[in-house]
Amino acid sequence: MSDRSNKAPAKKRERKPPTKKVPMPEQDPLERRKNFDEVALGYDAEQAVAEAEKCLQCRNPKCIDGCPVEVNIKEFIELVRVRRFMEAALKIKETNSLPAICGRVCPQETQCEQSCIYGIRNEPIAIGRLERFVADYARAHDEPMPEILDRIGRKIAVIGSGPAGLTCAGDLARLGYDVTIFEAFHKPGGVLVYGIPEFRLPKDIVMAEVEYLERLGVEIKYDYVIGKIRTVLELIDEDGYDAVFLGTGAGAPNFMRISGMNLVTVFSANEFLTRVNLMKAYEFPEYDTPVRIGNSVAVIGGGNVAMDAARTSVRLGADEVTIIYRRSMEELPARLEEVHHAEEEGVHFRLLTSPTEVLGNESGEVIGMQCIEMELGEPDESGRRRPIPIPDSESTINVDTVIVAIGNSPNPIIPQTTPGLDVTYWGTIIVNEETGMTSLPGVFAGGDIVTGAATVISAMGAGKRAARGIHKLLNGE
Amino acid sequence: MYEILFKKILNENTKFMVVDAPEIARVCKPGQFVVIRVNETGERIPLTIADFDREKGTITIVFQEVGKSTKLLGSLEKGDKILNFVGPLGKPTPTEKVYGTVVAVGGGCGTAIVYPVARAFKEAGNHLISINGARSMDLLIYRREMEEISDETYETTDDGSCGVHGFVTTVLGDLISKGRKIDLVFAVGPVPMMKFVSKITAAQEIPTLVSLNSIMVDGTGMCGACRVNVGGQMKFSCVDGPEFDGHEVDYDELMGRLNAYKEQEEISDRLWNESQGGAA
């Protein structure tokens, strides 16, 4: 990193060495292993301006094309450069209702920052960190409300208050619709609240972004399981909603088809994380919801959810936490930053390994897990090299807790109770890609319930597209 | 917020509450459940709907105080409010069908859950035999209610203080051995009771439904805490149940899973008892 200062000056005109992002301060790994406070601490104004000054302000910026919610990145960065932070935040909020969240959990490295032209020779501009900075700045400095069009007296029901639902609701409220969100849980945010841990996305930030939407006029009804207490068709036929957006997420946890999955100390990542994040089990017994953590935890899976479960296990006091993933580091689907943070916090990685059986004692507690080693074969349909078991390579690892983080399937409650709603073989809802409309006129869908488990930002993009689709439909276009 | 409109103490640790929840009362069906969170620090617990009144917009819950959360709920009085009350969840019992002779078996607090389902079976035109069992007479609940809807009523107590001295399975076994034709058994109670009821009926191939009280967090299929082995397949009590074919349920595994948080439950219970100024 600092080798440039030691080199002898070049004789001829030499290109400047590639620059790196202004580093973001973080909690020390040894310290943060013991708390649930946020790991990344964010830029201060000087750091933000220094980073923004590097932006080339390209005439044809590529970064914006890389953003699923079309944030005007070029302009907001220019506003940061000239220290007009509040205006920068409002610029982002023109198209993105949840910048403080996106600045923290978006995979910028595969989106805006991947297409950054400055990033061809250097580390790209730290767009995510800048977005986070201005959103946090605006929240701390009484951001003004945006202009809202007059109420147009038309009602929209949004099912689920996760990233897709919140985005759809925000965009429609801004256009003057009366939006009601129906949420099954007692708190808003969906996966932002039950899934993503406090140390990666503080819940106060989610609540602040939701409050902003409420100030835009969005109403949220809690404890409301659509499909049970009221059906989608009743919302339209009896309750007078002009359109419905389904953003119910990929809620049903997958388990492996191996023996021992029902043992007492095998948990879905959903259960484990919901207990800790939504129900605050890390504050047990002040909070009544318990969580169980052993000394030696295996987390099966290699995505962001697996990293979250592993890092949460560390914080709950497990001595040894190991990620078990059947492919190699190269194919690991989690964000690099999460993997890096997990490693810093002492999480082990056992790659090219697949569980074949979880072993238990008489009371149903895990006493070990049998695994087989894998090697990589030809690429499969997903383009990733297919893992193949190596014969006679089985061994037993010593664990007392297993957390299964191998993905989720769509929650079946709405498809089962909505006749005429077309779904795929996997149970995801089929939509028109451009408008987000389902097979039922006036019923739209987006996010993980359509794509299967994906990212916060892609769900937000889908919520945005559907809001546009709803607006067009109701205006006869 | 959901107001408690009426409260009755059925016995020392079994409480009966009528809760104002008109939207749930409008659509719920026998066999479904609600998930309750009493206050901001509370946990989410599932309780099967014991009764409902569509006109008054109320849901009745009956529960046994077994730990902190049920004791906290039981400490609420008429006029108090429950913070979260979510439902109706789970699949309803198929009660519209005429089976012929239905035996409704309730053990302890389970009788309160059996009651609305048994009533629906009766209203559908079935011949209803009820067996209501408890450890002793003072723990028998819903005695008059069960008698009112049943064509034949039996009561059992473990200590013989009321009715037949023995278990619900004693009476059920008798009926079967006398050659009574039984077309369906519906049983709710402690896991061992459901296990043994199912064992008896399995031998005679009498269709048997049981309602499971698995640990849940969300109650909507999201957490998988309530997974149960039914006929070798993984099912979720919350969305696939809570009722299952009694002959297919792995009861031993279920009992283990119900004890998953025993240690923590004991800590919470002890702290609650201390906060109430009493010993355990």
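1. At a relative accessibility of 18%, K280(A) counts as buried, where buried means under 20% relative accessible area, exposed over 50% and partly exposed in between (1.4 Å probe, protein chains only). K280(A) sits in the loop between α11 and β7 of chain A; helices (H or I, at least four residues) and strands (E, at least two) are DSSP runs, numbered from the N terminus. The phi angle of K280(A) is near 55°, a positive value in a residue other than glycine.

2. The model is a predicted one, in which local features need pLDDT of at least 70 and side-chain atom pairs count only at pLDDT 80 or more, while totals for chains, interfaces and linings use all residues. Residues are numbered from 1 along each chain as its sequence is written, chains are lettered from A and ligands numbered from 1 in the order in which they are written, and side-chain values use heavy atoms, with hydrogens and water left out.

3. A positive phi also occurs in chain B: for E205(B), a residue other than glycine, the angle is near 55°. E205(B) belongs to the loop between α6 (191–203) and β14 (208–211) of chain B. With a relative accessible area of 69%, E205(B) is exposed.

4. Helix α11 (residues 269–277) of chain A is mostly covered, 9 of its 9 residues being buried. Chain A contains an open sheet of 5 strands in the order β6-β14-β7-β8-β9, with parallel pairing; two strands pair if DSSP finds at least two bridges between them. Its edge strands are β6 (266–268) and β9 (348–350) of chain A, each of which pairs on one side only. From one strand to the next, the twist averages 25°; axes are lines fitted to C-alpha atoms, for helices over the stretch in contact, and angles run from 0 to 180 degrees between N-to-C directions.

5. Within this sheet, strand β8 (residues 320–324) of chain A pairs with β9(A) in the parallel sense over 3 bridges. T322(A) stands opposite H348(A) in β9(A). Helix α12 (residues 304–315) of chain A lies across β7 (296–300), β8, β9 and β14 (401–404) of chain A, and runs at about 170° to β8(A).

6. V228(B) is part of strand β15 (residues 227–230) of chain B and is buried, at 0% relative accessibility. Not counting residues up to four places away in sequence, V228(B) touches N262(A) as well as residues of chain B including L212(B), M234(B), F244(B) and V249(B); contact means heavy atoms within 4.5 Å. The C-alpha atoms of V228(B) and V38(B), 190 residues apart along the chain, are separated by 26 Å.

7. One joins G87(B) and P88(B), with omega about -5°, and P88(B) lies in strand β8 (residues 84–89) of chain B. Another joins G241(B) and P242(B), with omega about 15°; P242(B) is found in the loop between α7 (237–240) and β17 (243–245) of chain B.

8. I117(A) lies in the loop between α5 (99–105) and α6 (127–140) of chain A and is partly exposed, with a relative accessible area of 31%.
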